[in-house]
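Student: I've got a chain to look at and some questions about how it is put together. Can we go through it step by step?

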Amino acid sequence: MPRSGPATEVEAQALVARAEAFAENVVARSAQQWEHDRQWPGEALAAAAALGLNRIQVPADQGGYDLPYSVKMRVVEAFARHDMAFSFAWVNAHNATARVARDGTPAQRERWLPGLLAGTSVGTVCLTEPGAGSDFPAITTRARRNGDGWVLDGAKAWATNAAGADHAVVYAQTDPSAGNKGIAGFLVDLNAPGVTDRQVEALVGGHAIGAGGFRLEGVELDADALFYAPGEAFKRALASINGARTYVAAMCNAMLDAALRLAVAGALERHTFGSPLAERQGLRWVLADAATDLEASRLLTARAAGLIDAGEDAIEAAAHAKKFAVRIAEHRLRDCMQVLGARGLRENCPIGRHLVGARIANYVDGTTEMQNERIAASLLRRLAPGAG
């Protein structure tokens with residue numbers, strides 16, 4: 001149902017509170033089982049959507065809350081405190097919903113949006129291919145004209161929620177000679193004839209992401225399947241990357257915060273040689289260093305999120321945030337596990353899963369090396385002699 005306008009601050013707070021309760025009652029209790037059973041959490045994603053969590057950035061006239069990016073980031077953090085993989089799966093499902101609501105034609109919204117909002121269907125976005133990752137313009141999936149419609153041929157890989165997604169925005173090249181200006185985006189029913197060989201990656205510690213791929217063999221699409229026209233699709237894909245890098249940083253911060261709390265509790269609880277571990281100066285300083293790094297990472301992430309909410313250039317800020325958050329998460333999560341000793345190796349201790357989540361964060365939405373390239377390019381441009 002359309003709303004009269006964006007959600008109020010009170011509604012936003014209530015939405016985040018629902019997400020936090022869901023994280024405690026569902027994600028925290030299920031994360032280890034999802035990993036143990038190699039299960040994609042489709043039912044939990046549907047339950048999150050039923051709470052209205054897929055509507056955060058959906059326009060009000062399409063039944064959404066029309067809330068800023070920072071509200072979505074708070075939900076991402078609530079989920080990542082317990083399972084980065086679920087948080088990543090959820091935010092991509094939300095983003096697919098918001099994308100259809102904002103950018104879809106009336107016919108596309110009528111067909112796909114009700115299910116996405118209700119959680120009875122899940123969407124994904126397919127950029128990466130077996131031979132093309134960060135080099136997006138190198139994709140080889142082809143889209144050929146077929147009368148008024150199109151035919152797609154190619155293969156996609158590493159798509160989040162591919163394990164159970166019902167539809168996808170598939171990026172394909174319409175004219176190889178045009179480079180990135182030839183890339184278009186199409187809305188594809190993943191149960192349609194010609195979509196074959198769906199495979200799910202068995203990720204250590206991150207199976208809930210549901211990452212996978214499929215082949216497209218002569219997939220026939222009508223004219224209305226065109227979602228982003230050639231010349232527009234590449235720019236649209238790049239426009240979303242700063243938000244993705246920033247919420248990945250937020251996931252890392254949330255995982256480290258959760259681990260630090262566990263480490264402090266463990267240090268206070270365990271006694272050696274007649275006194276709590278927390279009284280050992282070396283251990284106290286490890287915890288203090290972790291807390292300082294976390295505070296610094298939160299500030300970098302908040303700066304990037306603020307620029308995104310303000311509609312300003314966040315390329316360098318998002319790259320700094322993701323690079324730093326990933327780096328300190330891997331380092332300090334190991335420290336937190338060390339504080340707990342062998343107890344940190346138990347399956348019911350989430351720090352091991354968080355460590356894998358931090359490693360996954362190194363790759364998604366641009367590797368650490370890609371962040372360095374973005375930072376260096378900005379640095380050389382800003383500080384070049386005569387740049388002003």
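Student: Which strand does Phe214 lie in?

Tutor: Before that, a word on the source: this is a predicted model, where local features need pLDDT of at least 70, side-chain atom pairs count only at pLDDT 80 or more, and totals for chains, interfaces and linings use all residues. Residues are numbered from 1 along each chain as its sequence is written, and side-chain values use heavy atoms, with hydrogens and water left out. Strands are DSSP runs of E, at least two residues long, and helices are runs of H or I, at least four, numbered from the N terminus. The run that covers residues 212-221 holds Phe214, and that's strand E7.

Student: Is Phe214 buried or exposed?

Tutor: Buried means under 20% relative accessible area, exposed over 50%, and partly exposed in between, using a 1.4 Å probe and protein chains only. Phe214 comes out at 2% relative accessibility, so the label is buried.

Student: Which residues does Phe214 touch, leaving out those up to four places away in sequence?

Tutor: Contact here means heavy atoms within 4.5 Å. Ala157 is 57 residues from Phe214 in sequence, with the C-alpha atoms 6.8 Å apart. The residues Phe214 touches are Cys126, Ala155, Lys156, Leu190, Val195, Thr196, Asp197 and Arg198.

Student: How many helices and strands does the protein chain have, and what is its radius of gyration?

Tutor: The secondary structure comes to eleven helices and ten strands. Buried residues make up 53% of the 388 residues. The radius of gyration is taken over C-alpha atoms, and the globule rule is 2.2 Å times the number of residues to the power 0.38. For 388 residues a compact globule would be near 21 Å, which agrees with the chain's own value, 22 Å.
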